[in-house]
Amino acid sequence: MKLQDAKQEFIAELKGHPKTKKLTFFEGVAMLVGTNIGIGILSIAHTAREAGFLPLFFWLIIGGILSTITMLYIAEATLRTKSHLQMTGLSVKYIGPIAKYIMFISIAVTAIGALVSYEKAAGDILNRIFGIPHAWGSILFFIPAAGVLWLGLKAIGRGEKQVVGIMFLILCVLIVSTFFKAKINFSYLAETYWDWSAIIPIFNTVVFVYSSQYIVPEMARGFAHKPQMLPKAIVLGTFITFCMLTLVPLSAIILEGLQNISEVVTLSWGKAIGEWAFIIANLFGLFAILTSYWGLGGMFVTNIADQINKDCDNDLKIRFIIILFVAIPPLLLVVLNLVASIQDALYWPGVVGALILSFFPILILQNARKYGDQPATWECPKILTNWGAKITVIVVYLLATFFSIALKYNFLNTIL
């Protein structure tokens, strides 16, 4: 691209020029994968250390299937809607005014918890690599993370595509290097501890990791020129997510064993491979949380704009104010050390997300089919929309939510 063309595109990006908002197929896939592959992929092995790899693998399969189904529900609903509404807008249109506020609370809890965990993890990683204080590490991460967020949808999609490609290469190098280590032990994968207090929390982390339902309307906005790409991008993106979520904890566990997994897995995994791997493993970690920050942060920005009925794409002043509201509070929580651990930051996003996602996508799809503005260019297969599939989604998400709350408030043993 010529310098003059690059300059014009950058200015158009700042002005919210409509031509810059189209996503290519791979940018859409990368946006979904980048959102999913964030702090979850770095913390999920640590979450499973007291249960084992097999319970984690089970929940990854269940979570991936249910997440894909609910994302496809939302995809069809967006394709039946003329306006480019976010989840809050879809909720009020197809469920009712109260649903708008419930969905917004869910999105806010998920986004704030996620951004806190990203900045906390970034501070930990930069501290271990360069020895800088945790707070300054979080601030250094914040600058490029919030900067790209301000540039808008196309910049996020393009940034996700480039960074996800680099992440994939790094991940391949790390996994191959793991299998060449003489001390790997596959018997670690069979270690399983059937303790419900350890097994149940894994699902909440999995729900958070597969939280891309919230960005489906944002992807639909980018695919407005070719809406038939949306469901394909969802399926491919979720499959890539599942593979990466499986391979990272598997590689770390066969090399280190369950009990030696650090809260941010790249810190211990990279060190176990070798000093050279420690650096690139943690670069992977930084890239992972950066792309996820862009995905969930961008989703939160557009949902706030939808909530207050403002145009954050073409009005840069409004976008700047919203981004201050989105980005500054999580950073302050981390810098002031008001959140004890990454697991604490992820608990309520997982619980609230499971509760909302058990009902809302089903209701939105059901009413979009009745009251949608236009015929859908794509429809969910009947096998995914029958009552058996819907009941399964509701039961699994609700039971996981109930048992997680019971565990946190110490009455799980009474129930079981």
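## The second largest cavity

Helix H9 (196-209) gives the most to the lining of the second largest cavity, with three residues. Helices here are DSSP runs of H or I with at least four residues, strands are E runs of at least two, and both are numbered from the N terminus. Keep in mind that this is a predicted model, where local features need pLDDT of at least 70, side-chain atom pairs count only at pLDDT 80 or more, and totals for chains, interfaces and linings use all residues. Residues are numbered from 1 along each chain as its sequence is written, and side-chain values use heavy atoms, with hydrogens and water left out.

Who lines this cavity? The residues are Gly63, Ser67, Phe203, Val206, Val207, Tyr210 and Tyr397. Helix H4 (53-79) joins H9 in supplying at least two residues each. By class, the lining has five nonpolar residues, two polar and no charged.

A cavity is a set of points, on a 1 Å grid over the protein atoms alone, where a 1.4 Å probe fits but cannot get out; a pocket is an open set with protein on both sides within 12 Å along at least five of seven lines; lining residues have an atom within 4 Å of a point. Grid points are joined across faces, edges and corners, and a volume is the space filled by probe spheres set on the points.

## The largest pocket

Now for the open space. The largest pocket comes to about 410 Å³. Its lining takes in 16 residues, and Thr47, Pro201, Gln343, Tyr347 and Leu407 lie nearest the centre. Two or more lining residues come from each of helix H3 (39-47), H9 (196-209), helix H15 (342-357) and helix H18 (387-408).

Which helix gives the most here? H9 again, with five residues. Sorted by class, this pocket's lining has five nonpolar, seven polar and four charged residues.

## The chain as a whole

The protein chain has 19 helices and zero strands. Its radius of gyration, taken over C-alpha atoms, is 21 Å, close to the 22 Å that the globule rule gives for 416 residues, so the chain is as compact as a globular protein of that length. The globule rule is 2.2 Å times the number of residues to the power 0.38. Along the principal axes, the C-alpha atoms fill a box of roughly 60 × 55 × 40 Å.

Buried residues make up 60% of the 416; buried means under 20% relative accessible area, exposed over 50%, and partly exposed in between (1.4 Å probe, protein chains only). The accessible surface is about 17100 Å², with 68% of it belonging to carbon and sulfur atoms. These areas come from the Shrake-Rupley method with a 1.4 Å probe, and for residues only the protein chains shown count as cover. Among contacts (heavy atoms within 4.5 Å) between residues at least 6 apart in sequence, 83% join residues at least 24 apart.

## Helix H5 and its cover

Helix H5 (residues 87-94) is mostly covered, with six of its eight residues buried. The buried ones are Met87, Thr88, Gly89, Leu90, Ser91 and Tyr94. Their cover includes H4, helix H6 (97-130), helix H10 (216-222), helix H13 (275-308) and helix H16 (360-371). Just after H5, Gly96 takes a positive phi of about 150°.

Val163 sits in helix H8 (residues 153-179) and counts as buried because its relative accessibility is 10%. Not counting residues up to four places away in sequence, Val163 touches Phe287, Thr291 and Trp294.

Trp348 belongs to H15 and is partly exposed, at 35% relative accessible area. Setting aside neighbours within four places in sequence, Trp348 is in contact with Val109, Gly353, Lys408 and Tyr409. The C-alpha atoms of Trp348 and Thr401 are 9.9 Å apart, with the two residues 53 apart along the chain. Asn337, in the loop between helix H14 (316-335) and H15, has a phi near 55°, a positive value in a residue other than glycine. Is Asn337 buried or exposed? Exposed, because its relative accessibility is 55%.

Note on methods. Nonpolar A, V, L, I, M, F, W, Y, C, P; charged D, E, K, R; others polar.
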